[in-house]
Amino acid sequence: MPCNCAEQFVPVCGQNGRTYPSACIARCVGLQDHQFEFGSCISKDPCNPNPCPQNQRCIPKPQVCLTTVDKFGCSQHECLPRQLTCDQARDPVCDTNHLEHSNLCTLYQRGKSLLYKGPCQPFCRAAEPVCGHNGETYSSVCAAYSDRVAVDYHGPCQAVGVLSVSSSVSECAAVKCPSLSATECKPVIPPGACCPLCAGMLRVLFDKEKLDTIAKVTNKKPITVLEILQKIRMHVSVPQCDVFGYFSIESEIVILIIPVDHYPKALQVQVSSSVPSAGIGARPPCHFCLFLLSLGLALHLLWTHN
């Protein structure tokens with residue numbers, strides 16, 4: 001474990017919106033004691049007490065920020081007018097009563113609470129909790145996918161997971177891993193996860209100062225992991241493959257391209273696995289360079305269109 005931290009899962013929530021497995025690991029990555037609090041970020045209610053004016057409604061807005069929190073903040077809520085005027089754009093969301101709304105604005109206009117983004121799925125109505133690769137316990141697979149986070153295993157998060165090739169996996173011994181979705185794939189274990197999965201994985205180091213510069217010259221708002229993933233997702237055109245990712249406790253953006261069919265075709269597995277896990281000093285093949293180009297384009301789009 002980094003900084004000789006004990007292999008125990010007692011999560012804390014950082015001001016950047018990232019859940020860390022323990023206070024020791026949070027301190028190890030550079031957070032001060034006043035920059036985190038005990039409990040996972042997803043368990044916090046940023047609207048209690050209500051920070052908004054009386055004529056506005058507080059809406060939770062969980063996000064993991066990559067820019068410096070002291071400069072750009074990382075608010076986990078937003079204040080919206082109680083009377084909203086919504087358009088008819090189709091971007092379905094599902095509320096806590098498992099009722100579908102045409103878009104997020106309509107859901108809030110009707111006074112409902114968001115369960116997850118995307119159409120309501122019958123299999124998520126009575127689903128069990130799952131542990132995402134970001135160390136958060138979600139109410140269902142649908143809720144995890146709504147955050148662009150893939151599932152590590154079923155049940156609440158309970159282990160730190162594998163942080164490097166030399167890491168111990170003793171914490172994962174009690175975890176029951178799901179079976180792989182295909183036999184043709186070369187499974188990977190993402191950083192901090194316990195279970196292998198069929199996916200192409202890319203671990204991206206980034207320069208926080210450069211992201212701060214981008215944020216400063218654009219809208220002076222924090223740049224988030226979800227923004228990066230949404231931009232990259234626009235450049236993945238393989239049917240039934242999708243983009244997921246998270247900010248690892250080793251301060252990398254981990255990007256996963258995963259077949260989302262329950263029994264993915266061999267072509268899907270081959271294509272999604274073609275994005276390599278790249279270490280520092282590795283000689284990147286051509287498709288890896290193209291993927292980095294997509295990341296650069298994503299940052300460019302963030303810069304020019306926000």
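Reader: Let's start with the open sheet of 3 strands: in what order do the strands come?
Author: First, a word on the model: it is predicted, so local features need pLDDT of at least 70 and side-chain atom pairs count only at pLDDT 80 or more, while totals for chains, interfaces and linings use all residues. Residues are numbered from 1 along each chain as its sequence is written, and side-chain values use heavy atoms, with hydrogens and water left out. Strands here are DSSP runs of E with at least two residues, helices are runs of H or I with at least four, and both are numbered from the N terminus; two strands pair if DSSP finds at least two bridges between them. With antiparallel pairing, the open sheet runs S2-S1-S3.

Reader: Which strands are the edge strands of that sheet?
Author: Look for strands that pair on one side only.

Reader: Where does the cis peptide bond sit?
Author: Look in the loop between S3 and strand S4 (56-60), where Pro 49 lies. With omega about 0°, the cis bond joins Asn 48 and Pro 49.

Reader: Is Asn 4 buried or exposed?
Author: Asn 4 is found in the segment before S1, and its phi is near 55°, a positive value in a residue other than glycine. Buried means under 20% relative accessible area, exposed over 50%, and partly exposed in between, using a 1.4 Å probe and protein chains only. Because its relative accessibility is 77%, Asn 4 counts as exposed.

Reader: What about Arg 148, buried or exposed?
Author: Arg 148 also has a positive phi, near 65°, and lies in the loop between helix H4 (141-146) and strand S11 (151-154). Its relative accessibility is 9%, so Arg 148 counts as buried.

Reader: Which residues is Ser 248 in contact with, leaving aside neighbours within four places in sequence?
Author: Ser 248 lies in the loop between S13 and S14, and counts as buried because its relative accessibility is 1%. Contact means heavy atoms within 4.5 Å. By that rule, the partners of Ser 248 are Arg 18, Pro 191 and Val 254.

Reader: How much space lies in the second largest pocket?
Author: On a 1 Å grid over the protein atoms alone, a pocket is an open set of points where a 1.4 Å probe fits, with protein on both sides within 12 Å along at least five of seven lines; lining residues have an atom within 4 Å of a point. Grid points are joined across faces, edges and corners, and a volume is the space filled by probe spheres set on the points. Here that comes to about 1400 Å³.

Reader: Which element gives the most to the lining of that second largest pocket?
Author: The lining has 43 residues, and those closest to the pocket's centre include Val 141, Cys 142 and Tyr 145. Giving 4 residues, the leading element is H4.
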